[in-house]
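Colleague: Could you show me how to read a few features of this model, giving the general idea before the particular case?

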Amino acid sequence: RWLNHFFSVYLFSIGIYGLITSRNTVRALICLELILNSINLNLVTFSDLFDSRQLKGDIFAIFVIALAAAEATIRLSILSSIHRNRKSTRINQSNLLNN
């Protein structure tokens, strides 16, 4: 059980580091998905640790997975639209709010 928690913290720290240091939008989105997956792993682990008979953490993790899938489709469609208009997926080169 505790190994899952340490693995989740490791995934979360990799995701935060990648999100802070990435210049590519696709890499930032992948790091954001890593963060969401580490949160799901923590939800399931603590649900099993503290209340093994009820599935509240598991159901909430499934809800977060469904929400992340919906967010990923929206983010990728926005990213493809930006790439089509700007021909770049670099974060520092997209100045859509300045126009």
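Modeller: Let us begin with a single residue: this is a predicted model, and in it Arg27 is placed in helix α2.

Colleague: Is Arg27 buried, partly exposed or exposed?

Modeller: The general idea is that a residue is called buried under 20% relative accessible area and exposed over 50%, with partly exposed in between. Arg27 has a relative accessible area of 44%, so Arg27 counts as partly exposed.

Colleague: Which residues is Arg27 in contact with, once its neighbours within four places in sequence are left aside?

Modeller: A contact here requires heavy atoms within 4.5 Å, and with those neighbours left aside Arg27 is in contact with Thr21 and Ser22. As for Gly15, it stands twelve residues from Arg27 in sequence, and the C-alpha to C-alpha distance between the two is 9.9 Å.

Colleague: Which residues make the nonpolar surface patch?

Modeller: To belong to a patch, a residue needs over 30% relative accessible area and no salt bridge. In this model Phe12, Ile16, Ile20 and Ile39 form a nonpolar patch of about 350 Å², to which helix α1, covering residues 2–21, gives the most, with three residues. Ile39 belongs to helix α2, which spans residues 25–50, and Ile39 is partly exposed because its relative accessible area is 36%.

Colleague: How many helices and strands does the protein chain have?

Modeller: The protein chain has three helices and zero strands, and its elements run α-α-α from the N terminus on. Of its 99 residues, 23% are buried, while the chain exposes about 7300 Å², with carbon and sulfur atoms supplying 66% of that area.

How values were computed:
Residues numbered from 1 in each chain as written. Predicted model: local features only at pLDDT ≥ 70, side-chain atom pairs only at ≥ 80, totals over all residues. Heavy atoms only, no water. Patch = residues over 30% accessible without salt bridge, like charges linked within 9 Å, V, L, I, M, F, W, Y side chains within 5 Å. Areas by Shrake-Rupley, 256 points an atom, 1.4 Å probe, with all protein chains shown as cover. Salt bridge = Lys/Arg side-chain N within 4 Å of Asp/Glu carboxyl O. Helix = DSSP H or I, 4+ residues; strand = E, 2+ residues; numbered from the N terminus. Buried < 20%, exposed > 50% of the residue type's maximum accessible area, 1.4 Å probe, protein only.
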